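Work through the exercises below with the sequence and the model in view. Each task is followed by a solution in steps.

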Amino acid sequence: MRINLKFFGQLRELTGRSDEQIEVEPGAKIEELARVLAERFPKINKHLAVVSFSVNSEYVRKEKQLQDGDEVGLLPPISGG
Amino acid sequence: MVELISKKISVDAVLEQVADTSAGAVVLFLGRVRDRNGNKAVLSMDYEAYDKMAVTKMEQLEKMACEHWPVSKICIVHRIGSLQLGEVSIAIAVASPHRKDAFAACRFVIDSFKETVPIWKKEYFQDGEGWVEGFKPSLIV
């Protein structure tokens, strides 16, 4: 199934992109997606421990199961305000 | 009312958004670009947002504050893009019949904003640049 990724801040700079589509196994969870990302984007590997994930604009835990077409945000620690 | 904008924040426009004759108190919070981070002089700042999600989170904060305190109106505006020293990055106005609730609700909104709204800032120094180390977002909101 296809997942739409969104990169921000330092992760956007390290990967050189804001958006990316990626294929994962049907029923994959965020934690599996994180493993795929670590292989595909080695530069962000060391940052993944502090990255939060969102699915369709809501924060989720690593156990969250993904659906085809989900928009997943890779969110470094936030610093707005 | 919540908004992400790329132009200068008008404090007058923010206050107009919370105009209400039943509100005897209005608390206004402004966050501005500071000229230092620790012992490093900051020259300017870039703000980046996950626009869609940031607006969703700001609307959730507005709703929570209105449910928890007798607030008549709230306006939350955050600016994105490049900002110079002293410029306003965030404005929060809370109108309530009484000051105690207006202060408490405003405090809740800015504190929760910093823990939940997906916005990032990058500082520019004389000798380089760097993303500001922030909060790992709270899952509660």
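**Exercise 1. State how many helices and strands chain B has, and in what order they run.**

Step 1. Chain B holds 3 helices and 9 strands, where helices (H or I, at least four residues) and strands (E, at least two) are DSSP runs, numbered from the N terminus.
Step 2. Starting at the N terminus, their order in chain B is β-α-β-β-β-α-β-β-β-α-β-β.

This is a predicted model, in which local features need pLDDT of at least 70 and side-chain atom pairs count only at pLDDT 80 or more, while totals for chains, interfaces and linings use all residues. Residues are numbered from 1 along each chain as its sequence is written, and chains are lettered from A and ligands numbered from 1 in the order in which they are written.

**Exercise 2. Report how confident the predictor is in each chain and in the complex.**

Step 1. For chain B the mean pLDDT is 96, with 98% of the residues at 70 or more.
Step 2. For chain A the average is 95, and 100% of the residues score at least 70.
Step 3. Within chain A, the lowest confidence falls in helix α2 (residues 30-40), with a mean of 94, and the highest in strand β1 (residues 2-7), at 98.
Step 4. The complex as a whole receives an ipTM of 0.95 and a pTM of 0.95.

**Exercise 3. Compare the radius of gyration of chain B with that of a compact globule.**

Step 1. The radius of gyration is taken over C-alpha atoms, and the globule rule is 2.2 Å times the number of residues to the power 0.38.
Step 2. For 141 residues the rule gives a value near 14 Å; chain B has 15 Å, which agrees.
Step 3. Along the principal axes, the C-alpha atoms of chain B fill a box of roughly 50 × 30 × 25 Å.

**Exercise 4. Describe helix α2 of chain B and name its buried residues.**

Step 1. Helix α2 of chain B covers residues 51-68, which is 18 residues.
Step 2. From first C-alpha to last it reaches 26 Å, close to the 26 Å expected at 1.5 Å a residue; the expected span is 1.5 Å times one less than the number of residues.
Step 3. A residue is buried if 20 or more other C-beta atoms lie within 10 Å of its own, exposed if 12 or fewer, and partly exposed in between, with C-beta atoms placed from the backbone.
Step 4. In α2(B) the buried residues are Met53(B), Ala54(B), Lys57(B), Met58(B), Leu61(B), Glu62(B) and Ala65(B).
Step 5. Over chain B, buried residues make up 35% of the 141.

**Exercise 5. Find the largest nonpolar core and follow the contacts of Ile76(B).**

Step 1. A nonpolar core is a set of buried Ala, Val, Leu, Ile, Met, Phe, Trp, Tyr and Cys residues joined through C-beta atoms within 7 Å.
Step 2. The largest such core has 49 residues, and among those with the most contacts inside it are Ala54(B), Ile76(B) and Val109(B).
Step 3. Strand β7 (residues 88-96) of chain B supplies the largest share of this core, 6 residues.
Step 4. Two residues are in contact if their C-beta atoms, placed from the backbone, lie within 7 Å.
Step 5. Beyond its neighbours within four places in sequence, Ile76(B) is in contact with Val2(B), Met58(B), Leu61(B), Glu62(B), Ile92(B) and Val109(B).

**Exercise 6. Locate Ile44(A) and decide whether it is buried or exposed.**

Step 1. Chain A has 2 helices and 5 strands, in the pattern β-α-β-α-β-β-β.
Step 2. Ile44(A) sits in the loop between α2 and β3 of chain A.
Step 3. Ile44(A) is buried because 20 other C-beta atoms lie within 10 Å.
Step 4. Leaving out residues up to four places away in sequence, Ile44(A) touches Leu11(A), Leu14(A), Thr15(A) and Leu37(A).
Step 5. Leu14(A) is 30 residues apart from Ile44(A) along the chain, and their C-alpha atoms are separated by 6.6 Å.

**Exercise 7. Describe the side of chain A that touches chain B.**

Step 1. In all, 17 residues of chain A are in contact with 25 residues of chain B.
Step 2. On the chain A side, the elements that give two or more residues are α1 (9-15), β3 (52-55) and β5 (71-75).
Step 3. The residues of this side divide into 7 nonpolar, 9 polar and 1 charged; Ala, Val, Leu, Ile, Met, Phe, Trp, Tyr, Cys and Pro count as nonpolar, Asp, Glu, Lys and Arg as charged, and the others, Gly among them, as polar.

Key: pLDDT = per-residue confidence, 0-100.
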